[in-house]
Amino acid sequence: MRLFPALLLAALLAAQTPPVYRPKKEKLPVAVAPQPVAFSHRQHAELGVRCADCHPGAAKSERAGLPDAARCLVCHRTIGSGSAEVQKLAGYQAKGGRIPWLRVYRVPEFVFFSHVSHVGAGVECQSCHGPVAARDVLEKEVSTSMTACMNCHAARRVSNDCHFCHTLGF
């Protein structure tokens, strides 16, 4: 009859230790081609610019969004207005405002990722994007693999059910 308490203890310990999923080998960091406008996250962060100032969608929608020229020019109409990079911003604004930023982080099309739910759960930007505030040039430093996401969910005791991240075609 001593077996039952031992099994109960083993079950309780298992419930307290989240599973660890073993990743495939992924070589990080991954460099990205030069951006259309040179941009230093470090410099902007040092000046007090917050992630949400340039990526306002992160706190209120599924996608964080990438800033357009109008958003950049809110400050740069007066700050550094004579620099070549700000002149590029003005050129993009004259052509409709869209800047053809190169994505650094991307999940496959069949994966659903919600910035608003992660921000709402208190997940900080650097958890998924690395120490962006310390970078002049961004590279992909943090894995966006299924294994990385599942380990993060397990560590935070969030569901790893397939439908959480995948549209299953129902």
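Author: Arginine 77 counts as exposed, as its relative accessibility is 56% (exposed means over 50% relative accessible area, buried under 20%, partly exposed in between, with a 1.4 Å probe and protein chains only). Arginine 77 sits in the loop that joins H4 to H5 (helices are DSSP runs of H or I with at least four residues, strands are E runs with at least two, and both are numbered from the N terminus). Leucine 89 is 12 residues from arginine 77 along the chain, with 9.6 Å between their C-alpha atoms.

Before we go in, a word on the model. This is a predicted model, where local features need pLDDT of at least 70, side-chain atom pairs count only at pLDDT 80 or more, and totals for chains, interfaces and linings use all residues. Residues are numbered from 1 along each chain as its sequence is written, and side-chain values use heavy atoms, with hydrogens and water left out.

For orientation, the protein chain has 8 helices and 0 strands. Of its 170 residues, 19% count as buried. Take the contacts (heavy atoms within 4.5 Å) with a separation of 6 or more: 69% of them join residues 24 or more positions apart.

In soluble globular proteins, nonpolar side chains tend to be buried together. If you zoom in on leucine 73, you'll find it touching Val86, Leu89, Ala90 and Gln93, once neighbours within four places in sequence are set aside.

Lysine 95 is exposed, at 73% relative accessibility. Alanine 69 is 26 residues away from lysine 95 in sequence, yet their C-alpha atoms are 9.7 Å apart.

Rolling a probe the size of a water molecule over the atoms shows where empty space is left. Here the grid has 1 Å spacing over the protein atoms alone: a set of points where a 1.4 Å probe fits but cannot get out is a cavity, an open set with protein on both sides within 12 Å along at least five of seven lines is a pocket, and lining residues have an atom within 4 Å of a point. The second largest pocket comes to about 560 Å³ (points are joined across faces, edges and corners, and the volume is the space filled by probe spheres set on them). Its lining has 22 residues, and those closest to the centre are Phe39, His44, Cys72, Cys75 and His76. At least two lining residues come from each of helix H2 (41–46), helix H3 (51–54), H4 and H5, and H4 contributes the most, with 4. Sorted by class, the lining is 13 nonpolar, 6 polar and 3 charged (Ala, Val, Leu, Ile, Met, Phe, Trp, Tyr, Cys and Pro are nonpolar, Asp, Glu, Lys and Arg charged, and the others, Gly among them, polar).

Cysteine 75 is partly exposed, at 40% relative accessible area. Across the whole structure, the search turns up 0 disulfides.

Arginine 63 is in the loop between H3 and H4, and its relative accessible area of 64% makes it exposed. Its contacts, not counting residues up to four places away in sequence, are Gly57, Ala58 and His115. Valine 116, 53 residues away in sequence, lies 7.7 Å from arginine 63, C-alpha to C-alpha.

Conventions:
Disulfide = S-S within 2.5 Å.
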